[in-house]
Amino acid sequence: MSKISLRIADLRKRNRITQQELADHIGVTFQTISKWETGISMPDITVLPSLAHYFQVTTDQLLGLKPLDGETYIPEKTAVKDYWNNKFNYLLQTRKSLWNDDYVRFLISQVWKIDRPISILDCGCGFGFLGLLLLPHLPEGSTYTGIDFAENLIEKGRAVFAKEEIKASFICRNVFEYYAENQYDFVICHAVLRHLDNPASFIQKMISFAKPNGFVVCIDTNREFECCGLYIDGMDYQELCQHEGLEKKWRTELAMQGRDYAIAIRGAHIMQKLGLVDVDVRMNDKVEFVTLQSADYEERKHDFIEYNEWTSSIGEDGKEKMILHLLTHGMSRKEAEDYCCRNDKIAEYFSGNPAAGYTALKGQLISYGRKADTSA
């Protein structure tokens, strides 16, 4: 059963009604209204219809099982520049555990068969992680250019590359609004499409940056794989995998704002429809296996807990705020409560088990193809 979360205080304040005015209408004392609002006591079930009728809401809305009228869908902000300007530490922590160097070499030499210097454009580059990942394995003379609309990330990228004494170029622009003077041999994006409201148009823009016969590469996480790809030693794996409510949230976001939770597995089909040839898909082989015996165990576990926001419980007020947000994104109250409870359990488990180990599979799919050469 879902926890009841009476919305009496919210409804009363919306309608500019005092506790005494509501009490007079219902036939109770204002102290009773106060106890209902603070959760000290609950109204009798026979009173609920009268309260709902008074506020012109349904009983489910009164009980907090459905959003109130006016609590409409609020788009996720992950396609907004201000969101990413404060995400340098998050990007730094998450990118550490995404790739095996030998697999990067395999992609370059055996899959893409790059045996001459190439020019790379990294769309939505952040601080330039892909440049740091790819350049050491590419033929000497290859160049890297990163483009991103987040000024803080571009500034961090320039500083990181300068410190490493690696030559690179950075462009602080919105990819959708940028028109390149030159075309590139290799146009790539990494963990960008899942955050966009129109990923297909982003891929189309990437294709415009590529030379004829140039590669276009999109790397993103399959959300279903990711949700089932977490095991924490000592916790119930089946409970960790449950994500039925998240599936509703993803579908709602796709319908309401075009944010595509399945872009990782759908991307190659979009690329082919947009005219790319020799389209194919690989899966990143990286699996993060971390135990007390692992090198840099404390650092890796700390980063993992922090970027997943499992450092501590968000508290009752924060939990209710999150639940109300999730209700407007398609979840039931029970599903939203279970989601918050699961995160609290993980935070508590890591806090109480300083030697806890885990396995995390991100499920990154690498979709790629070539821009057709129409000059022949």
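Let me start with a term: buried means under 20% relative accessible area, exposed means over 50%, and partly exposed is in between, with a 1.4 Å probe and protein chains only. Now the ground rules. This is a predicted model, where local features need pLDDT of at least 70, side-chain atom pairs count only at pLDDT 80 or more, and totals for chains, interfaces and linings use all residues. Residues are numbered from 1 along each chain as its sequence is written, and side-chain values use heavy atoms, with hydrogens and water left out.

First stop, Tyr178. Is Tyr178 buried or exposed? Its relative accessibility is 12%, so Tyr178 counts as buried. Tyr178 sits in the loop between β3 and β4 (184-190). Helices here are DSSP runs of H or I with at least four residues, strands are runs of E with at least two, and both are numbered from the N terminus. What does Tyr178 touch, leaving aside neighbours within four places in sequence? Ile147, Ile171, Arg173, Lys205 and Phe209. Contact means heavy atoms within 4.5 Å. Take Ile147: 31 residues separate it from Tyr178 along the chain, and their C-alpha atoms are 9.1 Å apart.

Next, backbone. Glu165 is not a glycine, yet its phi is positive, about 55 degrees. Glu165 lies in the loop between α10 (151-164) and β3 (169-172). Its relative accessibility is 74%, so Glu165 counts as exposed. Now Asp296. Asp296 is not a glycine either, and has a positive phi of about 55 degrees. Look for Asp296 in the loop between β8 (287-290) and α16 (297-307). With a relative accessible area of 53%, Asp296 is exposed.

Helix α7 (residues 88-95) and α16 have axes that come within 9 Å and cross at roughly 130 degrees. That makes α7 oblique to α16. On angles: under 35 degrees is roughly parallel, over 145 roughly antiparallel, 65 to 115 roughly perpendicular, and the rest oblique. Axes are lines fitted to C-alpha atoms, for helices over the stretch in contact, with angles from 0 to 180 degrees between N-to-C directions. The crossing of α7 past α16 is left-handed. Left-handed means the near helix is turned anticlockwise from the far one by less than a right angle; clockwise is right-handed. Tyr90, Gln93 and Thr94 of α7 meet His302, Asp303, Glu306 and Tyr307 of α16. By class, the contact of α7 with α16 has two nonpolar, three polar and two charged residues. Nonpolar covers Ala, Val, Leu, Ile, Met, Phe, Trp, Tyr, Cys and Pro; charged covers Asp, Glu, Lys and Arg; the others, Gly among them, are polar.

α17 (residues 315-327) packs on α18 (residues 333-352) at about 135 degrees, axes 9 Å apart. So α17 is oblique to α18. This crossing is right-handed. The α17 side includes Lys319, Met322 and Leu327, and the α18 side includes Arg333, Tyr339 and Asp344. The contact of α17 with α18 holds eight nonpolar, no polar and five charged residues.

Cys228 is in no disulfide either; the nearest cysteine sulfur, in Cys241, is 4.4 Å away. At 34% relative accessibility, Cys228 counts as partly exposed.

Technical notes:
A disulfide is a pair of cysteine sulfur atoms within 2.5 Å.
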